[in-house]
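Colleague: I am new to this structure and would like to learn how to read it feature by feature. Could you take me through it slowly, giving the idea before the case?

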Amino acid sequence: MKLVMKDLEKLLDKNALLMSLMALICTFIALFLSDGGNQEINKVIDIVKIDGILILFVLFGLELSKNTLVEDKISKKLEFLLANGLSIGKILGKYFFSIYFATLIIVLPSLILNLVKLDLSLILALNLILSSLLYTLIIVLIILCTRNMNKVNSLQMPLIGLSLAVMIGCGLVYNFTNSLVFYLMTKFFILGSISIILGINTKKERIVVSYY
């Protein structure tokens with residue numbers, strides 16, 4: 001927990017404040033989406049708005065990871081931690097929680113602004129919480145598995161593409177099933193499967209080897 005708190009102190013700087021303001025501005029744009037007359041359509045629009053916040057969550061989470069995980073991997077701090085008995089699971093947890101909570105704090109103002117208008121339901125809450133957790137896990141695992149750290153700077157587009165592909169795929173599922181439950185189940189299955197595959201490939205050899 002002390003390691004996580006140290007990372008949070010490092011991450012929540014002036015750049016974090018700027019990102020929070022950017023997220024707030026983007027939220028105003030999302031609020032212009034008009035609600036339909038049908039209650040079911042309104043639910044779909046609400047989920048799309050949450051998915052928009054999740055895209056910001058991915059972008060900010062990736063940016064924050066550069067100041068902690070990427071920097072520590074380049075400086076061989078991860079190698080030092082592993083050599084001193086810290087397990088891969090604890091290293092994963094350290095960066096996962098620090099990046100997740102820092103990103104959550106940054107998007108919190110825009111999230112609150114959105115939730116004032118949205119009719120918060122169990123489905124919306126699950127979509128927000130579980131999706132943000134899975135996306136953060138994916139970001140951390142991808143970077144831990146990356147050897148050429150120059151590639152981290154070009155991860156934004158693939159991750160945005162992943163987020164949009166998941167949205168489109170889940171949208172197609174909803175179109176055929178007319179069920180928001182299946183919408184979410186599809187999303188969690190896709191993101192969960194990606195996390196498992198990345199987790200299997202996260203070996204100590206891949207974590208310690210890096211070049212820039």
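Modeller: Let us begin with a helix, which here is a DSSP run (H or I, at least four residues), numbered from the N terminus. The expected span of a helix is 1.5 Å times one less than its number of residues. Helix H7 (residues 156-177) has 22 residues and should therefore span 32 Å, and the 31 Å between its end C-alpha atoms agrees with this. Please keep in mind that this is a predicted model, in which local features need pLDDT of at least 70 and side-chain atom pairs count only at pLDDT 80 or more, while totals for chains, interfaces and linings use all residues. Residues are numbered from 1 along each chain as its sequence is written, and side-chain values use heavy atoms, with hydrogens and water left out.

Colleague: Which residues of H7 are buried, and where do they fall when seen down the axis?

Modeller: The general idea is that an α-helix has 3.6 residues a turn, so residues three or four places apart point the same way. Buried means under 20% relative accessible area, exposed over 50%, and partly exposed in between (1.4 Å probe, protein chains only). In H7 the buried residues are Leu159, Leu162, Ser163, Val166, Cys170 and Tyr174. Seen down the axis of H7, they fall within an arc of 105°, so they line one face of the helix; the arc is that of the directions from the helix axis to the C-beta atoms. On the face turned away from that buried side, H7 carries the exposed residues Met157, Ile168, Asn175 and Phe176. Just after H7, Asn178 takes a positive phi of about 55°.

Colleague: How many salt bridges does the structure hold?

Modeller: A salt bridge is a side-chain nitrogen of Lys or Arg within 4 Å of a carboxyl oxygen of Asp or Glu, and the structure holds 2 of them. In one, Lys187 pairs with Asp51, the closest N and O atoms being 2.4 Å apart. This pair links distant parts of the chain, with Lys187 in helix H8 (residues 180-201) and Asp51 in helix H3 (residues 39-74), 136 residues apart. Lys187 counts as buried because its relative accessibility is 1%, and Asp51 is buried too, at 2%. In the other, Glu63 pairs with Lys66 at 3.5 Å between the closest N and O atoms; both lie in H3, 3 residues apart, about one turn of the helix. Glu63 is partly exposed, with a relative accessible area of 36%.

Colleague: What does Asn127 touch?

Modeller: Contact means heavy atoms within 4.5 Å. Asn127 lies in helix H6 and is buried, with a relative accessible area of 0%. Not counting residues up to four places away in sequence, Asn127 touches Ile47, Ile50, Asp51, Leu54, Ser132, Leu184, Lys187 and Phe188, which includes both partners of the Lys187 and Asp51 salt bridge.

Colleague: Which residues of the largest nonpolar core touch the most other members?

Modeller: A nonpolar core is a set of buried Ala, Val, Leu, Ile, Met, Phe, Trp, Tyr and Cys residues joined through side-chain atoms within 4.5 Å. Of the 39 residues in the largest one, Leu69, Leu78, Tyr95, Ile143 and Leu159 touch the most other members. The largest share of this core, 10 residues, comes from H6.

Methods: Helices (H or I, at least four residues) and strands (E, at least two) are DSSP runs, numbered from the N terminus.
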